[in-house]
Amino acid sequence: MLISAAANFSTVLPEIAELYKKSNPEAQITFNFASSGILEKQIEYGATADLFISASAVEMDKLQGKMLIDPASRKNLVKNRLVLIVTADSNIAGNDFNTLLDASIKKIAVGDFKAVPAGEYAEEVLNHYNIGKKLEDKLIFCENVKQVLKNVELGTADAGFVYESDAMTSKKVKVLWVTPDESHSNIVFPAAVLSGSSKKEEAKKFEDFLLTKEAGAVFASHGYIPESAGK
Amino acid sequence: MTELLYPLYLSFKVAIASTILIFIFGIALSWLLARKNFFGKNFIDVLLNMPLVLPPTVVGFLLLYLLGKNGPVGKILAQSMNLTIVFTLAAAVIASFIMALPLMIRSCKAAFESVDARLENAAKTLGASDWRVFLEVTLPLAWKGILAGLVMSFARSLGEFGATIMVAGNIPFKTQTAPLAIYSTFQGGNEEQAKLLVLFMTVLSFATIWAVNSLSKGKDYANR
């Protein structure tokens, strides 16, 4: 079965698949990793996949609108938190949104507001605290979250908005501030079985496995918050 | 280790297949554009240059539309031969072929145009057939440009990403070529693996092109 999943999962999902194969040795799982936008277009144009895991609700909504997924199978797999990071050896103090206005922060890396989910959430946070206009000149727009991380690591940006799971992967950055849940929409990573799939039973079974505590532990070790943890 | 080597293996497989196709079609099309006049010639010339100008993602979109299950070509292939191209290595070869062909044509066309037509005509007056003129006069005189085109196409095919990920997918051990593997490992948070892939890729590409350059030295037919 083919699972089209957002690229940020390209390390954690194969790990979970290995776990799954221990109790389901006959299972044949192949992955297709790309940005959610590309995956969504592939599915629209008839590329056959069985399960779709997106980095935001936007692409899933689009497919649902075109009746390309089984709505009953749509489930949120994991959550994440949006954090403000600075370079690890930075002297910048402060631990809330006001820090962004500080003169010592000259460049703030964010995902492209229009194309990158992490960027969209960052935009919501800036608007929530009404500082979007004031920060306009400081913003550097990146094509994906990993680029944001890189910019802060290398110091080409003084600060940046990334997911907690990204911040965890790097020793060269530190988290200054965790954005409160109410400052942005829910950061969810939805999964759904595709209506064009010929292996719906298999896909559903693996999706269910992704929601178990076992899989949740692997997600958590990569910085994601399993849905089951919130209950 | 296979996680590192397999993407490189797929990249070379795709690049070699794509370059073979480019060798055949590139030389044929370049020669036609250099030596013949026909209806729509300018239009085709410009069309063949488009993949150079368009972002690879756009070319990828176009290929996905054409070759997908519901697209004009994909539908026919699926219905008549039960053949799917999207998400297979064949799609990766097609993507590389389309993206690299313009480079070959530009180089070969210039090479053919620089061959003195009088030499070809002289051969014809001595009784050589068109085919013999091509093989024994035109090709040897144009071969440096042809080789340059091949090297550029091969290199371009090796590095192809945007169109490939769109139409072949990023499927490890099936269509995940080295550029896609580098992207995946980096996006998945595994920077160390990504760096290793970059290193391997660089060394192999460097060695390949060095080898080709070395082979091409000292065989200058045009200036004997």
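This is a predicted model: local features need pLDDT of at least 70, side-chain atom pairs count only at pLDDT 80 or more; totals for chains, interfaces and linings use all residues.
Colleague: How many residues does chain A give to the contact with chain B, and what area is buried between chain A and chain B?

Modeller: The contact draws 23 residues from chain B and 24 residues from chain A. Carbon and sulfur atoms give 61% of the area buried between the two chains, and that area is about 2,000 Å².

Colleague: Which salt bridge does the rule find across the interface of chain A and chain B?

Modeller: Across this interface the rule finds one salt bridge, alongside 11 residue pairs in polar contact, both residues being at pLDDT 80 or more. The bridge belongs to a network of salt bridges that links K150(A), E153(A), E191(B), E192(B) and K195(B).

Colleague: Which element supplies the largest share of the side of chain A that touches chain B?

Modeller: Across the interface of chain A and chain B there are 11 residue pairs in polar contact. On the side of chain A that touches chain B, at least two residues each come from α2 (36-44), α6 (145-154) and β2 (30-34) of chain A. The largest share, five residues, comes from β2(A).

Colleague: Is S183(A) buried or exposed?

Modeller: S183(A) lies in the loop between β9 (173-178) and β10 (188-193) of chain A, where its side chain reaches the backbone oxygen of P180(A) at 2.7 Å. Leaving aside residues up to four places away in sequence, S183(A) touches E124(A), V125(A), H128(A) and Y129(A). Because its relative accessibility is 3%, S183(A) counts as buried.

Colleague: Why are E44(A) and K41(A) separated by about one helical turn?

Modeller: The side chains of E44(A) and K41(A) meet in a salt bridge, at 3.4 Å from N to O. E44(A) is partly exposed at a relative accessible area of 21%, and K41(A) is partly exposed at 22%. The separation is about one helical turn because, in helix α2 of chain A, the two are three residues apart.

Notes: Residues are numbered from 1 along each chain as its sequence is written. Chains are lettered from A and ligands numbered from 1 in the order in which they are written. Side-chain values use heavy atoms; hydrogens and water are left out. Contact means heavy atoms within 4.5 Å. Buried area is the accessible area (1.4 Å probe) that two parts lose on being put together, summed over both. A salt bridge is a side-chain nitrogen of Lys or Arg within 4 Å of a carboxyl oxygen of Asp or Glu. A polar contact is a pair of N or O atoms within 3.5 Å; within protein, one must be able to donate a hydrogen and the other to accept it, and residues adjacent in sequence count only if both atoms are side-chain atoms. Helices (H or I, at least four residues) and strands (E, at least two) are DSSP runs, numbered from the N terminus. Buried means under 20% relative accessible area, exposed over 50%, partly exposed in between (1.4 Å probe, protein chains only).
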